[in-house]
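My notes follow in the order I took them.

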Amino acid sequence: MANVKIKYLAVYAVCILSACVMFGIMLSGSRQTVYVSGEELTSGLNMTDDLDFAEKSIAERTNAVLNKAVVSKNDKAAAEVVADGKIVKYDYSAEGVNVSDISQKDNKISFKVYSNAEGLGKVTIFAKTNDGKIKESTVYTFTMAQNTFLSNDSEDEAWYRAYLHQYEQGLITDAEVEDAYAEFSRRDIIDEGPSAKAASETSAIDSDGGIRLMAASGASTYVKGRLTWTLADGKIMPLKLTRVDLYDKELIGAKHLSTAYTDINGYYSFSFQNPDGFWDFEGGGYDVFIRFYPDSYTFEVARDWLFNNLTYYYIESNVTQNVSTGSTTEYNINVGYNEGNNTNKSFYVAQGLVNAQRFAMNVGGMSSSKKLNVIYPFANATSFCWDSFMGIGQPAFDLWDTLTHEYGHYVEGVMGTYGVDLATIIVQNVNMEHFASEDHIYDKASAGKTFAMELTWSEGWATAFAQIAQQYYKSEYDVLPYFGLSITDYEEYSPDPLESGEGQENAIVAYLWDLYDPYSESEGGDQISLGARAWWNATTQSGTHTFMDFAVKFDAQYPQYRNAAGERMGFFHIAPSDLTVVNAVNATAPPILTWKVNGSAHNPNNRFQVVFYDVNGNQKYITANISSNQANDSIYTYSVTAAQWNAVLANFSGTAIINIAVKGYLTGTPVSGPYISAYKTVSVVLPSKTLTIAKNNRYTEEIVSLNAGEYKEYIVTFVAGGQKLIQTFGPKDSYLELYDSSGVKIAGNSSTDDAGYSLNALITYNVSANTPYKIKVRFYSTSQSGSTRLAIVSAAIYNQYENIYISPTDGSSYSANLTVGRVELLRYTSATTKTLTIQTDSSVDTYLYLIDPRSAEPISSNFSMQSVYNDDGGVNLQAKITKTIDANIPYLIIVAAYNPATSSGSFILKFS
């Protein structure tokens, strides 16, 4: 795939459309293309040996060149066939048309065509070149009313030109055109023929899409059947989701009765009330027939955008006259294969678009009231789609890669992800073609970076959509030789070291495919498998006009895939890659990093940031911008400074697991990025946090933030020994362990695990003065993350939170003594939510704490917070707290002297 240039001339086609609109030119059925011969034709017969049948069967089609599109009957039109090499052998066949003046010179065969018989004719030239290649070119004619109309495209086009001429001259009416086309469209029908069932039978659709007969109900009458189409190799496929119209033939024209669509097996059915009364003037019942179109729910295929009888494609059945009430009439129609019939090939186009439509509507849930108007054939070889207009080139009628790609552009318009506006396409001096293998930020520089980024995303997404839509329905279309040709190419795509990056369509397509496709061990870095629906949801968010838009949104939506996505972006040279830590990292040795710059050779990534994440993908630190002027295939080296490393480590404790990535950018207008590399993970053992509990300490707390599976350690030294109460507060199930100075665990087990409030932990221990102890805090479950509050006080021994003294009722008081080096603890629970006031009355300068045990938030002097404290809120250095508390919560009250190291005395605690 890397060596194949994929060219879409969409921009060129849109320019044609826009120019016609801007200058008031109406693109209608009157458009004619005249091909002029490059040199004067020679005369005389120069026939070589005939080509045998086997050689003809492998010929490649090519268009002959005509010097006229219409000549008078019996007049000659010159034509020629041009080959790639010298022609060494040729042959021709003619049906309903005469050929003269055939000559061959070097790489050209010249001849003249004329007709004196009404109706269709064709001449086919086979040419073999010296390199063994064989070309097949056909000129089609339709002779009518003294004129012969020619086409190098199809017999359908020759017929169309003839009737268009008659219509524009006022020689035939709309109704006559309609009747003529109905007859013309039936010429390749196989197995067509109505059959009427007995009046006691009717039809219905089985759950699997099949037709079954059932007893008639009331006066209903039925038309049903199945529509199929034949492939070039003779295989038969159902016409899926195809529009079918039911008509009643009248003396002049026809009356439309109903519209239906086939199911995925090609079946359709109608039920109607049959006008069988003598007053209905129907002679006993409707004269029914059907028309079916290369149309579906979201699109219509025609010869031109100005739809009328001459530009619509359809096939019409025969008429069944005077159907009886309660009967079932069947039309089972197969559209035969005809290389020279655009009507038939329009159904190939439609079925390719149906595949894309099914994916967008059934998987993506897309809905749109805007119908897609599709021209076939358009501009000979060009295919494009913009807004509600699509053109499919003649050779692309059976190329489903192209058909679903172009429908993808329609989807982008519906979903709000098509950023390339028509004005930019028209006004900017842009090369009208674009190659999927090239860096558009470079080759579309004259149009600006924004245009290049939008073009890359639009084309890349449409191609990825085409691959995924085809893959999704692959089992239904395995017999199609042209189905999903590029899937393997993108599955095995290797990036171009010169052109890959954010501006290359191929890189974007391959990356988007890797997000969707099932995990494959053969693709070492392809760890993401979103599947169809998640892929659609992630890539069709409105306002996603560039790959940068998508990358930023995807990272926010799927942080769990950041590492895998970074690996793929790095592989396709979009993000930096090969991130490496080249030194031994520890708490005092910052990492030295290297990475591959990436981008394209024309536009290497030239700005970076190093970003540090925790194991849950939360960003903890990011460096300032790092500028670069290095080539895309070079290695950049960056040393994290000591100050940066300290700032990083401040967010971690214990054994820190740190994921490092590099964000890559490309400066310009706009700056594009960030494109985040894959992680490089480092493990750093951090020193424990040191706490010293002084003699005059009343209450100590630490808010402990923990990632899943993480623990934090505190080295705590008590200046005064004695009984200490160590516990946690908060909503999560926490766990405490206490170690002595030699590292031996001295407390912390199943009995202390839930000894605190609810699932909180509580340890009491008689510590020695000036001896370091280690407190280890974690959550009970290794999958839990969040915060808890570690609280330490000097108090009496309480082995359970529930054993702390319960306070008296409101309106009463509690009295006790404050001793040196200790605080007093009480629990207070109210049966109702209310405003509580507590205050001290003592000769000692007092301090109060009211702690909500459910809260992991820090204590505050703001009484609207969950846990609060107060010093001198009362009179004469007394403490006072007034706060609204919740019912049935055992709040913890701590009564302390302002200086517990020296103060003692009695106190009274009053409740109101």
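**Entry 1: helices α11 and α12.** I began with this pair, and α11 and α12 are oblique to each other, a term for angles that are not under 35 degrees (roughly parallel), over 145 (roughly antiparallel) or 65 to 115 (roughly perpendicular). The angle between helix α11 (residues 505-516) and helix α12 (residues 531-539) is about 135°, and their axes are 9 Å apart. Axes here are lines fitted to C-alpha atoms, for helices over the stretch in contact, and angles run from 0 to 180 degrees between N-to-C directions. From α11 I noted L512, L515 and Y516, which meet G531, A532, W535 and T539 of α12; contact means heavy atoms within 4.5 Å. I sorted the residues of this contact into 5 nonpolar, 2 polar and no charged. In that scheme Ala, Val, Leu, Ile, Met, Phe, Trp, Tyr, Cys and Pro are nonpolar, Asp, Glu, Lys and Arg are charged, and the others, Gly among them, are polar.

**Entry 2: what I am looking at.** This is a predicted model, in which local features need pLDDT of at least 70 and side-chain atom pairs count only at pLDDT 80 or more, while totals for chains, interfaces and linings use all residues. Residues are numbered from 1 along each chain as its sequence is written, and side-chain values use heavy atoms, with hydrogens and water left out. For the protein I wrote down 16 helices and 55 strands. Helices (H or I, at least four residues) and strands (E, at least two) are DSSP runs, numbered from the N terminus. Of the 912 residues, 55% are buried, that is, under 20% relative accessible area; exposed is over 50% and partly exposed in between (1.4 Å probe, protein chains only). Among contacts between residues at least 6 apart in sequence, 70% join residues at least 24 apart.

**Entry 3: helix α14.** How many of the 10 residues of helix α14 are buried? I found 7 in this helix (residues 562-571), so it is largely enclosed by the rest of the structure. The buried residues are R562, A564, A565, G566, R568, M569 and G570. Their cover includes α11, α13 (547-557), β30 (577-581), β32 (607-613) and β37. After α14 comes H573, with a positive phi near 65°.

**Entry 4: helices α5 and α6.** Helix α5 (residues 342-363) and helix α6 (residues 400-415) have axes that come within 9 Å and cross at roughly 50°. That makes α5 oblique to α6. On the α5 side I listed Y348, V349, Q351, G352, L353, N355, A356, Q357 and A360, which meet W400, L403, T404, Y407 and V411 in α6. The residues of this contact divide into 9 nonpolar, 5 polar and no charged.

Entry 5: β51 (residues 846-851) pairs with β52 over 3 bridges, and Y849 has Y869 as its bridge partner in β52.

The other sheet also has 4 strands, in the order β19-β18-β21-β23, and the pairing is antiparallel. Here β19 (254-261) and β23 (315-316) are the edge strands. Between β21 (residues 288-292) and β23 I counted 2 bridges, and F292 has I315 as its bridge partner.

**Entry 6: backbone exceptions.** Most residues other than glycine have a negative phi, and most peptide bonds are trans. I looked for departures from both.

- Y376 and P377 are joined by a cis peptide bond with omega about -10°; P377 sits in the loop between β26 (372-375) and β27 (384-386).
- The bond from T669 to P670 is cis too, with omega near 0°, and P670 is in the loop between β36 (655-666) and β37 (672-676).
- D106 has a positive phi near 55°, lies in the loop between β7 (98-105) and β8 (108-114) and is partly exposed at 45% relative accessible area.
- A145 has a positive phi of about 50°, lies in the loop between β10 (134-144) and β11 (147-151) and is partly exposed at 38%.

Terms used
Pairing = 2+ DSSP bridges.
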